[in-house]
Amino acid sequence: MQDVVDVNLWCWQHPQISGIYNLGTGRSQSFNEVAQAVLNWYGRGELQYIPFPAHLKDHYQSFTEADISALRATGYAADFYTVEQGVKSYLDYLMTKREKVATI
């Protein structure tokens, strides 16, 4: 979430830069790492694995990795959040919103 805002602000501050760019860390991280980051945030729970549905096996993209070379070529050099940092930041944000609503 914050990464996209940061790139947009950087582009706004560099009006000579124009284009469509992939945004992401440039490195692949698994759904398992996302799930583990959620468990770490909550401080409890366990992963449970279920078989992948056979009818989806030929229709599922199991590997993604943003190619951010075009963005980097513009001069944008800031680091992107890792999955762990992003999950923590997002869940912290959601908890803050939930606490604000609870006090209204």
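The following legends describe close-up views of side-chain contacts in a predicted model.

**View 1. Salt bridge between Asp92 and Lys88.** The side chains of Lys88 and Asp92 meet with an N to O distance of 2.6 Å. The count of salt bridges in the model comes to one. Both residues belong to helix α4 (residues 83-102), where a spacing of four residues separates them by about one helical turn. Asp92 is partly exposed, at 28% relative accessible area. Lys88 is likewise partly exposed, with a relative accessibility of 47%.

**View 2. Edge-to-face pair of Trp10 and Tyr76.** The count of aromatic pairs in the model is five. Trp10 is part of helix α1 (residues 2-13), whereas Tyr76 sits in the loop between α3 (69-73) and α4, so the pair ties together parts that are 66 residues apart in sequence. Trp10 and Tyr76 are both buried.

**View 3. Tilted pair of Tyr76 and Phe80.** Tyr76 also forms an aromatic pair with Phe80, with 6.0 Å from centre to centre and 45 degrees between the planes. Both of these residues, Tyr76 and Phe80, are buried.

**View 4. Aromatic cluster of Trp10, Tyr76 and Phe80.** Ring pairs link these three residues into a cluster.

Terms used
Residues are numbered from 1 along each chain as its sequence is written. This is a predicted model: local features need pLDDT of at least 70, side-chain atom pairs count only at pLDDT 80 or more; totals for chains, interfaces and linings use all residues. Side-chain values use heavy atoms; hydrogens and water are left out. A salt bridge is a side-chain nitrogen of Lys or Arg within 4 Å of a carboxyl oxygen of Asp or Glu. Helices (H or I, at least four residues) and strands (E, at least two) are DSSP runs, numbered from the N terminus. Buried means under 20% relative accessible area, exposed over 50%, partly exposed in between (1.4 Å probe, protein chains only). Rings of Phe, Tyr and Trp (its six-membered ring) pair if their centres lie within 6.5 Å; planes under 30 degrees apart count as stacked, over 60 as edge-to-face and the rest as tilted.
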